[in-house]
Amino acid sequence: MLTRSRFSQVMILVLFVIAFMNGRKYLRRQRKSYKHSKKGQRKDRTLKMSYCRDQLSQFKEINDQKTIGFSTDEEGSQSFNEEGFVTLFEDKYGDLYRVRYCLAPKLVIAGRKAEWVVGVFRDRLEESVKNVESEGYEVVRTLPSGFILFRRRP
Amino acid sequence: MIILLGFLLLSLLLGYAFLSAVLPHENQRLKLALSPAFGLGLSSCIFSVSLFVIGEATLLTGLVECLLLLGLVAVSRRRSIGQLIAVEEEKTLDLDWTKWTVGLAVALAVLISISLIGYVYQNIAFPNGSSDAVSIWNGRALSVFTSGQSWPKSLANDCAFHPDYPLLIPGAVARLWTALGDANPYVPGVIAGIFYFSLLATVFVGMRQLRGLEVGLIFTVFMLASTEVTYVSARQLADVPLAFYWLSTLLFFALQDKNLNTERYSMLAGVSAGLGGWTKNEGVLFLVAVVVVRALVVWRARGREIFLKQGGSFFLGALPFVLLLITFKIVYAPSNDLVAGQSAQVLEQLTDVSRHSLIFSELGDTLLYFSNEKISFPGFLLAYLLAVGISKNLNKVSFFSVVGTITLVSAGYWYVYLTTPWSLAWHLRTSLSRLLVQLWPCILFAFVLLIQSRSEMTTEAMAREDESKSG
């Protein structure tokens, strides 16, 4: 007869099998994403604060129009907090991929959708634009830094 | 590279010296398992204090750490007379090794290797971590590292997602970047790895000390089988360091319940809970929950005098970190986005049945298929418990402390979800599994405290046999 102690050993062996299955699946997933990034299909992200800061002059005009604010090293102004946010990271390979979600539609507090938003994306640009357009925004223009300016569709 | 290793070693030594100063007679292995994460936490706190006092990231913190290390070594040397006790204790524990446990250990080593390889893959492919790591944790570290005196403004404006989060992880990263003089993208991955493997080591050594070798090994396998924890760690999120500090707190309380002649474990529980509070906002919820639960459980089980002694030690341990957190929240941190977004509809949200049911169904799905969408891991745990039964030597004070804390923290999460100003479905989808990662080691801890070990089963069977013979 299978004693309780023996049964617990069997259960532990089953646990190991589950752990190996989970581990193998995890490893496969990580290897896949690694290969994917190596082939350049998914671009790597590198912290490049200084590069982005150089691009901040792009926002001057927006600031002057008082649509949205931004803060630079030199001057503190109204932050993005109220409308969403932008992270200061840039894709080192170009602007096909971005590192962060669109600012507004999903992250903006319900009932307080911003009129103007600036977004950087981690998905493919065209997909992200499609998503944002489906949320009632339209692209105003893209900026060389990779940021994209949207406006709520009238 | 040498500078990086030097500063990492300094943190490790600081953690070890701190634990040795408080617990000179403790099992060396437990101190070794805990010291990397404790050391990183303490170094990060010193770095944060220097940010508050000097106003910018500076290498002077290395000097302060060295001085503190020397002081702690002096204290621990004075208290090292009882070291023999620890050595004898370790020898006794080594007697547990059998063919079965050696087999378990070998299989465990394979699992750890899988976990390590996956971790390295992830960190080479995504050196800056996932998007949350980039925008919250490493982004804040970069703000502190690059902004000089204007770091508070930079934190508030450049990293505007959860701008009020405390600075343990960003501080640990920025400290090493400051030492290197360069924002090396692999540093956050190294720090996340230290926390994850320190968690695994603590799970094994801590449970081995409490329940014996075999239960320690099983607890570690349970942790490794939960690949979601590994995945979140490799994405460089703060949830695993938080889980480490929470588990350590509960582990210290369990050790406290076994050793009533000293209150030092309660003090370390306070330190650990305090470091958790300095890691993430959820840590504050845990701090409150654990204080409430321990107060109720210890007062009821052991009386007022012991409660006051243990409570006082806990308070003493947590105090420096709570003060650090209060200073940060009052002076530097912008308002919390969840709190600031609260509307007058909170009461309506709290009584909205559809919100409750959405949270319940999402929680059920996430919990049921945590780490494996085909086999229900919690279902397996339940089956295992039914098969082996409940331990006859269950320490009820420890067990109810863990379960009560998990319950209160979960209730806090539930409340936050109910009243979230964001879309509830989106909020659940993007955070629930991570919240579960934070609690998972504590849930497993409660589980392994509860189960009957094989040695208990054997003793029970032998006693029954003797009884039947004499009968």
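Chain B of this predicted model contains 22 helices and zero strands, where helices (H or I, at least four residues) and strands (E, at least two) are DSSP runs numbered from the N terminus. The radius of gyration of chain B is 22 Å, close to the 23 Å that the globule rule gives for 471 residues, so the chain is as compact as a globular protein of that length. This radius is taken over C-alpha atoms, and the globule rule is 2.2 Å times the number of residues to the power 0.38. Along the principal axes, the C-alpha atoms of chain B fill a box of roughly 80 × 60 × 50 Å.

Because the model is predicted, local features need pLDDT of at least 70 and side-chain atom pairs count only at pLDDT 80 or more, whereas totals for chains, interfaces and linings use all residues. Residues are numbered from 1 along each chain as its sequence is written, chains are lettered from A in the order in which they are written, and side-chain values use heavy atoms, without hydrogens and water.

Of the 471 residues of chain B, 60% count as buried; buried means under 20% relative accessible area, exposed over 50%, and partly exposed in between (1.4 Å probe, protein chains only). Chain B exposes about 18,300 Å², of which carbon and sulfur atoms supply 68%; accessible areas come from the Shrake-Rupley method with a 1.4 Å probe, and for residues only the protein chains shown count as cover. Among contacts (heavy atoms within 4.5 Å) in chain B with a separation of 6 or more, 82% join residues 24 or more positions apart.

Helix H2 (28-54) and helix H3 (60-78) of chain B each supply at least two residues of the patch, and H3(B) gives the largest share, four residues. B:Ile54, in helix H2, is partly exposed, with a relative accessible area of 39%.

Helix H5 (residues 99-125) of chain B holds B:Ile124, which is partly exposed at 37% relative accessible area. B:Thr101 also lies in helix H5, but counts as buried at 4% relative accessibility. The side chain of B:Thr101 reaches the backbone nitrogen of B:Thr98 at 2.6 Å.

Technical notes:
Polar contact = N/O pair within 3.5 Å; in protein donor to acceptor, adjacent residues only side chain to side chain.
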